[in-house]
Amino acid sequence: MDLKELKKQVEQITKELKSKASGDTAVLVDSLSFLFSIMLETSTGIMVQNERLTNTIIDLQETIKDLRRQLNMDSHNSSKPPSSDGYKKPNKARSLRKPTGRKPGGQKGHSGANMEVPHKPDEVKKHHPNKCMTCPHFASCVANGNVFECGEKRFIVEAVVTTKVIEHQSLKAVACPCGESKLKGEFPEEVKAYVQYGDTFTAMAGLLSTFGAVSTERIQTIIDGMFSVTLSEGTICSMVEKCGQKVTPIVEKIKELLIGSSVVNFDETGVRVEGSTQWVHNSSNAKYTYLTVNKKRGQEGIEDNGVIQNFGGTAVHDCWGAYWKFKDILHAVCCAHLLRELIANIENNPKHVWAERLKTLLITMKTAKEQAIEEGKTELRENLIKALEHEYDEIMAYANMECPPPDKIEPKKRGKKKKGKERALIDRLIKLKDSVCLFIHNFLVPFDNNQAERDLRNVKTKAKVSGCFRTKAGAQTYLKITSYLSTAKKHGINAFEALALAFKGETEKVLI
């Protein structure tokens, strides 16, 4: 019985007794009523304290569980990068990749890749038999020309590191038959100083700074050691800026091509710019890469990138909440991120089996799609898709049984009751089923968001080397060049050749 209800009943009984009791008995009834009230108040206080203590214990248990979960997090069960694992690398047995049983190295039937001779030999060295070289007839045999012939050829490809100096002369007419005395030749527009570095050095500095992620000091050391040419830090920065100017028009073209694509991967990563954390936003696919930087990670930064709000296809991302604010597109969730979350749930809640079942199902879906592609198919059978999605629904129904939603919070308390990581994951998987399973409906949609993560990897490498970008303009220049070089690589053009094309004004060739 509720203590408040009990108190009301005691007061009612006291009233009835006092109305019937004599004077002395009425005093005794009042005394007993007073004592009973004290006992009720004491009991109420003890119950409130017990309730608070119970709630505190529950909160502490949840906190301990959450801290234990965080302590066990690494690259195999969360979105933390492998570099954060330090020397405590996760056990390979827990990898998502299953062993194939095949021996390491090239597999039977693979195309292979062999080193080729780039052009005709610049120098030929002939090696005669050792015995012939001590023979008295050796000289006459060599002069004859018919005694020896090539039995086997082998080639060594060496790099020739040198500089080429081009002298430009402005000629003036000193004995003009027409009587002109002030005629003088003009230097090309790009020849401005008495001594200056050519486009080759500019392209090399830009390539080392961006694609190579080499620091300015090391660029100075490398170029000085290879060519005996000393570049100042300011000169290197000017060279990188010049590379950025050369590729700006084609980078805008890359952005337009991404907007017109059917599937684009989106991701973002933090980097230090002007002494604060800013965000590099990536829009890319298998053909194009477009990178920008903004102070904001969320919707403002994503819109500043300029692709997603003008895009009408399928956006692949890691479920970051800001992407869901764009309603007029299809969304595909990165299943690799989900697999890591499921692994974390399996390790932290070993008695619950739904996560292991869903992990197996996602890998089964991925395998079914890969096998269909190998067989030359462009879609899965309709009955197979229905069976896979039915299994998905059954697993989530079982998840609701193993980890039911929390009870509704009492009316007097404000806010929502804390769900916990497992329940929040279950709710998300139920709500986003269509986005999770989209990759088996549309073969153009990838299983994961690895494409975007690969296109951001060079940014993290550069940040580790340089620590930060001193100016936002410098960061933007770096990202323009990286966008261009990454796109060129996807079209089979190496980075140095791509920058050389930029200085020739032929950047469009990287898109062919």
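## About the model

Because the model is predicted, local features need pLDDT of at least 70 and side-chain atom pairs count only at pLDDT 80 or more, while totals for chains, interfaces and linings use all residues. Residues are numbered from 1 along each chain as its sequence is written, and side-chain values use heavy atoms, with hydrogens and water left out.

## How H9 meets H10

Two packed helices are described by the angle between their axes and the distance between the axes. Here, helix H9 (residues 335–348) packs with helix H10 (residues 354–374) at an angle of about 155 degrees, and their axes are 9 Å apart. Helices (H or I, at least four residues) and strands (E, at least two) are DSSP runs, numbered from the N terminus. Axes are lines fitted to C-alpha atoms, for helices over the stretch in contact, and angles run from 0 to 180 degrees between N-to-C directions. H9 and H10 are therefore roughly antiparallel to each other (angles under 35 degrees count as roughly parallel, over 145 as roughly antiparallel, 65 to 115 as roughly perpendicular and the rest as oblique). Their crossing is left-handed, meaning that the near helix is turned anticlockwise from the far one by less than a right angle; clockwise would be right-handed.

On the H9 side you will find Cys-335, Leu-338, Leu-339, Leu-342, Ile-343, Asn-345 and Ile-346, which meet Trp-354, Ala-355, Glu-356, Leu-358, Lys-359, Leu-362 and Ile-363 in H10. Contact means heavy atoms within 4.5 Å. By class, the contact of H9 with H10 has 11 nonpolar, one polar and two charged residues (Ala, Val, Leu, Ile, Met, Phe, Trp, Tyr, Cys and Pro count as nonpolar, Asp, Glu, Lys and Arg as charged, and the others, Gly among them, as polar).

## Aromatic pairs

The structure holds seven aromatic pairs. Rings of Phe, Tyr and Trp (its six-membered ring) pair if their centres lie within 6.5 Å; planes under 30 degrees apart count as stacked, over 60 as edge-to-face and the rest as tilted. The rings of Phe-201 and Phe-227 have centres 5.4 Å apart and planes at 80 degrees, so this pair is edge-to-face. Phe-201 lies in helix H5 (residues 199–209) and Phe-227 in helix H6 (residues 216–227), so the pair ties together parts that are 26 residues apart in sequence. Phe-201 is buried at 15% relative accessibility, and Phe-227 is buried at 14%. Buried means under 20% relative accessible area, exposed over 50%, partly exposed in between (1.4 Å probe, protein chains only).

For Phe-266 and Tyr-323, the ring centres are 6.2 Å apart and the planes are at 40 degrees, so the pair is tilted. Phe-266 lies in strand E1 (residues 263–273) and Tyr-323 in the loop between strand E4 (314–317) and strand E5 (330–333), so parts that are 57 residues apart in sequence are tied together. Phe-266 is buried at 3%, as is Tyr-323 at 1%.

Back in H5, nine of its 11 residues are buried. Their cover includes H6, helix H7 (233–259), helix H15 (450–466), helix H16 (472–490) and helix H17 (495–504). One of the buried residues is Thr-202, with a relative accessible area of 3%. Leaving aside neighbours within four places in sequence, Thr-202 is in contact with Met-239, Lys-242, Cys-243 and Phe-503.

Phe-326 sits in the loop between E4 and E5 and is buried, with a relative accessible area of 9%. Not counting residues up to four places away in sequence, Phe-326 touches Gln-299, Ile-302, Glu-303, Ile-308, Gln-309 and His-331.
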